[in-house]
Amino acid sequence: MKHITKIYGTLKANDDVHLSLNKGEILAVIGENGAGKSTLMKILYGLEQPTEGEIWLDGELQHFRSPHDAMRKKIGMVQQHFMLLDPCTVAENIVYGNEPRRHKLFFDREKAVEITEQLCEKYGLHIDPRLLVKDCPVGLQQRVEILKVLYQNADIIIFDEPSAVLTPQEVAELLKTMKRLAEMGKSLIIITHKLQEVMEVADRVMVMRLGKYITEMDKSATNIEEMSFLMVGRHLVERKVEPQPTGARVLDVRDVVLAGSEGKNILDGFSIHVEAGEIVGIAGVSGNGQSELIQCITGLLPVDSGKIELDGKDITNKTVGEIRAAGCACVPEDRYHWGCARKATLAETAIMAHQYEPALSAHGLLNDRGIKAFTARLLQEYDVRNSGQSQKAGELSGGNIQKLIVAREVEQNSPLLIAAEPTRGLDIGAMEFIHGRLLDKRQKGDGVLLISSELTEIMTLSDRIYVIYNGKAVGEFTRASATEEKLGILMMGGKLDEKAV
Amino acid sequence: MKKQSDKAPGGAQQWFANAGKALRQPLVATVFGLLIGAVVILVCGQNPLLVYAEMFKKSFLEPYYLVSTLTRATPIIICAMATAIAWRAGYINIGVEGQMVTGTFVATICALYIPGPPILVAVLAWLIGMIAGALYALLPAVLNWKFGVTMVITTLMLNYVASYITSYFVTYPLKDTSGDGMALQTKQIAKALCLPRLSAKTTFNAGFIVAILVTLVMIFITRKTVFGYESKMGGYNPAFARYGGTRQTRVMVITMALSGGIASLAGCTEVFGLKYRYADSMLTSTSYAWTGLMAALIAGLDPVGMFVASLFLAGLQIGGSAIQRSMGIPLEISTIIQCCITLFVSVKLVFRFVRHKKVPAAPAAPVPQETAKGGQTQ
């Protein structure tokens, strides 16, 4: 790819970027969020057309108008959010788009299974073709995605943030798969900001910042410190979290049960507590009851049995409004589903759950000046890049809207803050910033419940860590006793040896 | 201070950009609607430009027709507001017609049978009418809240219920038998209870002032109240509003009650300002509620926009009937234009939907938004 420039409105998402890829090589494209990595890949995959620049493939100039064109030229992409049909089998998903047929009309299910088995054999990626996708864990679903791309005969495979949703064990498996594919002559591009993984698999590293090509180098010629410096443009200080004494329990969840639809409990006698002045992390593979736990505590879902106490008050099955008033703020896991409305302005986003504060309204009437000042303060103090308070929330980048949501919830000044996936998909700079705010909150003597599928995040910030598996708290660690291996095993439903605990 | 002045131009620019974006779709739709109307006029063998000029003259330029347009616009404006207050909160109330019929009928009955000083009776009749309309709108709200019945369906079906029940009343027990006894209508209400005329020779009456007041109240509610904020957020994203701790049942109840209450005002202006009695299907055959709904759609639920759009649609109807008389173009031409405009405005929803479907592959803009600085430095 040569001289790629992509302009959205007044914004240069890609500015004269070059990218080259050799056969059988793994290239890592790294950069902060909003550095233009995804845009560049979308151009290569035909999802977007470049404003300027050319794509050359094997010495031929290409014009991709859609992913179809790219697929025909053997370029495939493993999306960050899987595009799979959940109620169908693995085999059906893999052949989807180019199904084997009987008499040119009927879908040939046996043939599909056979094709899948051959693919699995060929690339050494094992999976049962007859499994339903919705029954597969995330790691296997990703494998289905990869097989789908391989079925389309791709020679160049783009991985967009492939490890974001995986457990450490699954990540290790994925990295092995990548290396094997490269050995078989496939060329891989991984977009990521996890430098550890880059060091493990990549042959070459390309760095982007603010839409521009910064540099590229062989992996052997660089190290993590240099890469993170190049990505962010400054040195990051490693965070040291000093231990501090804790106070009374601000949150006490006891034996909470939430029944699921099929006789299986989503939360199955779940008990944890959070003390004042500590950050408690909940580690787990997503889908083990974390979302429901948050919704139960915040009052969005009623629990079937058990007790939840906030600051000594019983808040079990109270309304969201009552629980917020009792002192619970929450950074939701899905910023666009719960955290904001895309069409709402920044001011409207900022004042949610603050709207009854005397500075913002009186007798049911909004105080425009107060709202303006409040929003301005949040935008400034939390470094939300914006083009005015009447800008729409949906127009901000993910990191900026997240900062605004964090600002809104931290400013509740509540004794308990729930932070669910507070930095999902964010770049290092924004992540650092949000971590800083969470630690400030802890410093002030408030309790923070941190729920994240990002183990590193949990391990850096938390004073205590619980592991959630199948709706149960299956392990409790102090900062000192937790290791990535132990957590990983419990997250997968394994057991620890007696002496390991 | 400096920060403020830095931001001001950006804010103003943003405002203009937003306003431009908001106006583009209705304007384009109107042009397309008129173009299709032009084709139909051509088929009728007339010159579209002449016909449109005549229509415009016969709806807005000549004083007699202008006041007819304003009279016609009155219930349409109020119906648009009634529709919008529910829709913006995410409650698709298409039962404004039924709520209007119920409220107006009850108000008329009150005006006919409650004794007392005229002013008091008039005020009481309007208030009771509003309460009746509000209760009628609450019926689907409660069904939705308790049993999860889709409000679109219940509100729509309750239109027929209201219409047939009032039909029964004016056909049998409450029919006016004083005249020839042929018309299905109630007795005439006392002159002293009616709204004053605003011009001597026409039917233009104080109902239009009511419409302006309703618009002002609507602007106030949407921009200045906590309720307006909460209901708007609920309309944008119900999950967000719930997570933020707003009391959604309360918001729904108030919203629907307001919607029904405002709807009955629309019919009251018609009875108390124009007809002085309730006649069978007087509010349904004129399709005020549906024209109001179109105005609300065209204006994207913006109060000022709805006011203007209602005037425009009323003008189209008045102009349409004028040219039917003078040029032999069927009245339906205005219906065609009206529907085409609405259709073209609705296309926007489809476009948005399509774009929305494509976006999830890339949830966020790839580069943080800088304030408008032009290009970036090297």
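These notebook entries record what I looked up in a predicted model with chains A and B.

**Entry 1. Chain B in outline**

I began with the secondary structure of chain B, which comes to 13 helices and 0 strands. Reading along the sequence, I noted the pattern α-α-α-α-α-α-α-α-α-α-α-α-α. I then looked up burial and found that 46% of the 378 residues in chain B are buried. For contacts in chain B between residues at least 6 apart in sequence, I recorded that 75% join residues at least 24 apart.

**Entry 2. The nonpolar cores**

I next asked which residues touch the most other members of the largest nonpolar core. The core has 94 residues, and the ones in question are Ile78(B), Cys79(B), Met81(B), Ala295(B) and Met306(B). Helix H3 of chain B, residues 63–87, contributes the most to this core, giving 13 residues. I noted that another core lies apart from it; this one has 89 residues, including Ala341(A), Ile371(A), Tyr382(A) and Tyr236(B).

**Entry 3. Two domains of chain A**

I turned to chain A, where the domain assignment gives domain 1 as 2–232 and domain 2 as 249–340 + 413–500. Taken over C-alpha atoms, the centres of these two domains of chain A are separated by 32 Å. I recorded that 12 residues from domain 1 of chain A and 14 residues from domain 2 of chain A take part in the contact.

Which helices of chain A each supply at least two residues of the side of domain 1 that touches domain 2? I found helix H6 (168–183) and helix H8 (224–232). H8(A) gives the most to that side, with 3 residues. By class, the side of domain 1 of chain A that touches domain 2 of chain A has 5 nonpolar, 6 polar and 1 charged residues.

**Entry 4. Strands with both faces buried**

I examined strand E6 of chain A, residues 75–78, and found both faces covered. Ile75(A) and Met77(A) are buried on one side, and Gly76(A) and Val78(A) are buried on the other. In a regular strand the side chains alternate between the two faces of the sheet. E6(A) runs parallel to strand E9 of chain A (residues 156–160), and 4 bridges join them. Opposite Met77(A) I found Ile158(A) in E9(A).

I then looked at strand E18 of chain A, residues 328–331. Cys328(A) and Cys330(A) point one way, Ala329(A) and Val331(A) point the other way, and all are buried. E18(A) is joined by 4 bridges to strand E21 of chain A (residues 416–420), and the two run parallel. The bridge partner of Cys330(A) in E21(A) is Ile418(A).

**Entry 5. An antiparallel sheet and its helix**

I traced an open sheet of 4 strands in chain A, with the order E14-E13-E16-E17 and antiparallel pairing. Its edge strands are E14 (265–275) and E17 (313–314) of chain A, each pairing on one side only. Strand E13 of chain A (residues 249–259) and strand E16 of chain A (residues 305–310) are joined by 5 bridges and run antiparallel. Within E16(A), Ile308(A) stands opposite Val253(A).

I noted that helix H9 of chain A, residues 290–298, lies across E13, E14 and E16 of chain A. Its direction is at about 65 degrees to E14(A).

**Entry 6. Two loop residues of chain A**

I looked up Val285(A), which is found in the loop between strand E15 (279–283) and H9 of chain A.

I then checked Gly97(A), in the loop between helix H3 (90–95) and strand E7 (101–102) of chain A. Gly97(A) counts as exposed because it has 11 C-beta neighbours inside 10 Å, where the limit for exposed is 12 or fewer. The C-alpha atoms of Gly97(A) and Gly139(A) are separated by 22 Å, and these residues are 42 residues apart along the chain.

Notes: Residues are numbered from 1 along each chain as its sequence is written. Chains are lettered from A and ligands numbered from 1 in the order in which they are written. This is a predicted model: local features need pLDDT of at least 70, side-chain atom pairs count only at pLDDT 80 or more; totals for chains, interfaces and linings use all residues. A nonpolar core is a set of buried Ala, Val, Leu, Ile, Met, Phe, Trp, Tyr and Cys residues joined through C-beta atoms within 7 Å. A residue is buried if 20 or more other C-beta atoms lie within 10 Å of its own, exposed if 12 or fewer, and partly exposed in between; C-beta atoms are placed from the backbone. Domain bounds come from an automatic or database domain assignment. Two residues are in contact if their C-beta atoms, placed from the backbone, lie within 7 Å. Ala, Val, Leu, Ile, Met, Phe, Trp, Tyr, Cys and Pro count as nonpolar, Asp, Glu, Lys and Arg as charged, and the others, Gly among them, as polar. Two strands pair if DSSP finds at least two bridges between them. Axes are lines fitted to C-alpha atoms, for helices over the stretch in contact, and angles run from 0 to 180 degrees between N-to-C directions.
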